[in-house]
Each structure stands twice: as structure tokens, then as C-alpha cells.
Amino acid sequence: MKKVLNNYLNTGALAADWPGFLRISTAAFALIHFLSIQADFDILFSYNGLVKPDILAAMNEGLVPTMVDIHVFAGKIIPGLSYEHVLVFFRSFYMLCLACLGAGIFTRISALFSLLTQLILISSINFYQYGADSFTTILLFYCVIFPAGKSMSLDSRLFRKTKSISASSATLCLRVLQIHLCIVYFIGGFDKIAGDNWRNGEAFWKAVTSHNLFHFADVTFLKNTSFFLIAGWATIIIEMLYPVFINIRKTRNTWLLLTISLHLGIMLFLGLFFFSAVMIIFNLAAYYVPYLKEKKKTFAAPDTSPVMQLPVPA
Amino acid sequence: MKRKLFICLAAFHLLFIIISNLYTSYTSYCDYYEKPVDSSLRKCISIILGNQPLCYYAKYTGTSAGYGYFAPNVRSPTSLSCIYRGGNIGPELSSNEASLRYDNLVGALVENINAEKMPVLEQEKKAFETKKKYNELVLRNIAMKMFNDYQLPPDAVSMSLNFINHTPLADARAGKEMNNGLHKVQELTLIIKQ
């Protein structure tokens, strides 16, 4: 048991630069996501918006300060500071932090400030937030604790003294990311199988024919077929068996493809573009990019180095 | 040493995610099948999840989010209707993402006072009334914003938070037309003055 666990924690990350991919894709995603609401920024965040920020802040659970709290606090120190000033600061500071994170400049600090700013922005509009925001927080948190600036970053080029990431350290971090993702899918599937509506196709029917903002195609003509029943069960199977098949080398790519297809379906039929995109990034960072080197190696000379070997599935 | 510490912290992090999510799954299961949550389990878990430092930890690491999306059942669609002089008006949003966030706001307001879960205890009734008043405040804000943006002449506006009826698959198979009727959860009539 100890040997298997040791093997699992120490070997497997063939491409040690996967944290670089995680960092760049997370920063790019968060930046694009934030840019996508710029046209409606005032409507969501300002006192000229749909709901006044202090009213939204009243329902905040108090774990993360809102921009209203910061305005009140900073207003005592800086006389004449308006809420609009605070808003402009956070709006530009978040984008700056994400740009630095993507480029890998002072990576850990920029990741930390990106995370804190994102939490403050989201807590300020707590009623407007949804799943994509939670996953952005998760990925930004991993950018803080993982050695995300050790590869593909300006830090690694500018500060040559920076140690390159060791394979065992990269593997350990990768395992955390992978196990987290496995929990996400297993719980998702487990919750679905608990409800009878997913087992009889009703939930899938409801999801794709509901009042979604975007419909790629109308599928109501399939109502007399077994399509919704099969699609409901397929969703449950893909999610619940994700931790098993994604960790078996032979089935990994197939399961990754099935999972990405599931998210593309959510994107096209439910209109949740950013939620799907962040989940695809999470999947690629955990189960595709780390094994890229392995794929290349299958076409090159075999390497028998123990660090480069994949663990035997438990 | 550093490595062992990292492994311990990682194990705690992942264990925390598993416990909080399994409990969320269990409570949403009980909620869906209208079963009472086991009180001893609730007490036990609230010691862990209600612990203040752990609440901060969950918030700042993103682990406070539940992963049971669209489960055990897909949430019923919601809407906010604003009737002004016989016509429906809505906020002007230019991006799909902002519209999605607006839908989330409406969904959160509806969930805030879901009429099916009528309070029984005095404490629950107070909380329910507070939530109702809060919703009214939010609706007032939205109405004022639309009146200002569209420069509408002062008049009454009827606002309601609704669940949108959804035709079940069996009904659709039986040939029934797709029902888009509204099930009102909260209503409010505002008189907008100059």
C-alpha cells in the first residue's frame, strides 16, 4: 500500500511545465471572462447600476470584504475618496494582476493579488455570481500554492537564480489538482444519480429545453426517442466513473474527450460558455498537458528513466 | 520535511473538499425528497464547517463551492417580469455574460423566498419577512434604474419574481404544448413618481 502510494505521489508528471500551462490559461481565462462584462460593468458594480452596491453588500457573509467595505475603510484614511475611485482601482488592478500572472512576473505575488481581487469583486456582486467564478477562485488558488512561475514565465528568464521545478514536486502538485478534479466529477455524478429525474431523462430534457440564453439547436423533436434517457445516463456515467477511467492510461484520452464533449454540450445547449471553458482548462491542465511529453515519446526513442515512467493504476 | 508538510496540507485540503461536498450532497438530497436532515450529523458537521477559521479557508481556496451542478434536479427557470402600461420592460444589457449574471440575480432572489418552503417557527418567519423586504428593496432598485434609463413617464409598475413553468417530458410526449406560464413567488406594485 505504502509502495503504491509512494509510486503515485512521486512519478507520473512527464511534462514538468504543466504548472506554466495552468498559470497562463487561468490568467487568460479570467482576463477574458472579466473583459466580457466590461460593457455592462457599471450596471453590475456601480451605484448607477441595477442594484446599489451597498444593498448587495448587505447580504454578504462577511468572509471577504466588499468594495463598499473597502470604500468605507479607505475613506477614513483618504478624505474625498469616492466609491467610483475604488471601483476604477479594482477594475484596473485585477486586469493588471492577471496580465502579470499570465506573463509570469512576480508570479506568486501576482497570483495572490489576482485571487484576493477576484474574491473582492465577486463578493461585491454576490447575487450575480455563478459556477464559473468558483472555479476561477479554485484555479487562482492553485496558481498561488503551486510553483506556477517556475516554467514558461518571465520570472524564470529574468531571475536565473530561480530553481527549476523538480519532477517530484510537480507530480505532487499535479496529484492534488487531479484528485480535486476527480472529486468534482464524482460528486457531480453522485448528486445526479440520487435524483430520479436524471435517471429517467427528465432532468436532461429540462436542462436543454429550459429558458437558456443560448440554444445551438432545438432538440424537442427528439422527445419521442430514448435520446434524453440515454443522454441523462451518459452524463451520470461520464461524471461518476471519471475518477476511474481518467486515471487509467489506456482510457485517459477517451474519457478526457468524453468530458470535454460534455462541456461543449453545456456550452452549446445551456449557453454557459465561461463555465464550460474553465472546466475544459481544468481538465487539460490536470490530464492532458502533463502527459504531452509521454505522447511525444511514443514517437521517439523509449526512455527507461524511473522518473519518466507512469504509475501502474491502483 | 517540507515535502511531508505539503502532503499533510494537501491531504487536509482534499479531505475538507470531500466532507463539505458529501454533506452538501446529503442536504440537497434531503431537500429534494423533503426528508429531514439527521440532527446529530448536522451538529457534527456544523462543528467542522461552521468553524470560523475553516469558513475563511473554504472561501479563500474556493472549496466552499458545491459541485452538484444541475443536481439532484435541474433548477426551474426563473424570471422577473416588470409590467409597465401593459408592456413588459427589462434592463438593457449588452453582453451575454451580463445577461447570465442578471438571470443568476433573479434566480437568487426567487430562491431567497421560495414560497414552497413556508416558514413555521417564529424565528423562521422573521427571517422570511426580512428576505421578502430585501427582495422588495432590490426590485425597487431595478425598477428605478429602468425608469431612469428609458426615461419613462411616472406611473405604476407591477413587478413579480416567478418560476417559469416547464412542460415535463411525459406531457410533451403526450402532445401537450410547451407551457411557459409563470408561477409567481413574490409580487410588488410600485408607483414611480417624478
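These legends describe close-up views of a predicted model.

View 1. In chain A, Leu50(A), Leu63(A) and Phe127(A) lose the most area to chain B. Together they make up 11% of what that side buries.

**View 2. Salt bridges and polar contacts cross the interface.** The rule finds two salt bridges between chain A and chain B. One salt bridge joins the side chains of Arg101(B) and Asp133(A), at 2.8 Å from N to O. Polar contacts link 32 residue pairs across the interface.

**View 3. Strand 1 of chain B pairs with strand 3 of chain B.** Strand 1 covers residues 78-84 of chain B. Six of its seven residues are buried, so the strand is largely enclosed by the rest of the structure. Strand 3 of chain B spans residues 156-164. The two strands pair in the antiparallel sense over seven bridges. Cys82(B) stands opposite Met159(B) in strand 3.

**View 4. Strand 1 and strand 2 of chain B form a hairpin.** Strand 2 of chain B holds residues 87-89. Three bridges join strand 1 to strand 2, and these strands run antiparallel. Tyr84(B) stands opposite Gly87(B) in strand 2. Two residues lie between the strands. In the turn, Arg85(B) has a positive phi of about 50°.

Technical notes:
Residues are numbered from 1 along each chain as its sequence is written. Chains are lettered from A and ligands numbered from 1 in the order in which they are written. This is a predicted model: local features need pLDDT of at least 70, side-chain atom pairs count only at pLDDT 80 or more; totals for chains, interfaces and linings use all residues. Side-chain values use heavy atoms; hydrogens and water are left out. Buried area is the accessible area (1.4 Å probe) that two parts lose on being put together, summed over both. A salt bridge is a side-chain nitrogen of Lys or Arg within 4 Å of a carboxyl oxygen of Asp or Glu. A polar contact is a pair of N or O atoms within 3.5 Å; within protein, one must be able to donate a hydrogen and the other to accept it, and residues adjacent in sequence count only if both atoms are side-chain atoms. Buried means under 20% relative accessible area, exposed over 50%, partly exposed in between (1.4 Å probe, protein chains only). Helices (H or I, at least four residues) and strands (E, at least two) are DSSP runs, numbered from the N terminus. Two strands pair if DSSP finds at least two bridges between them.
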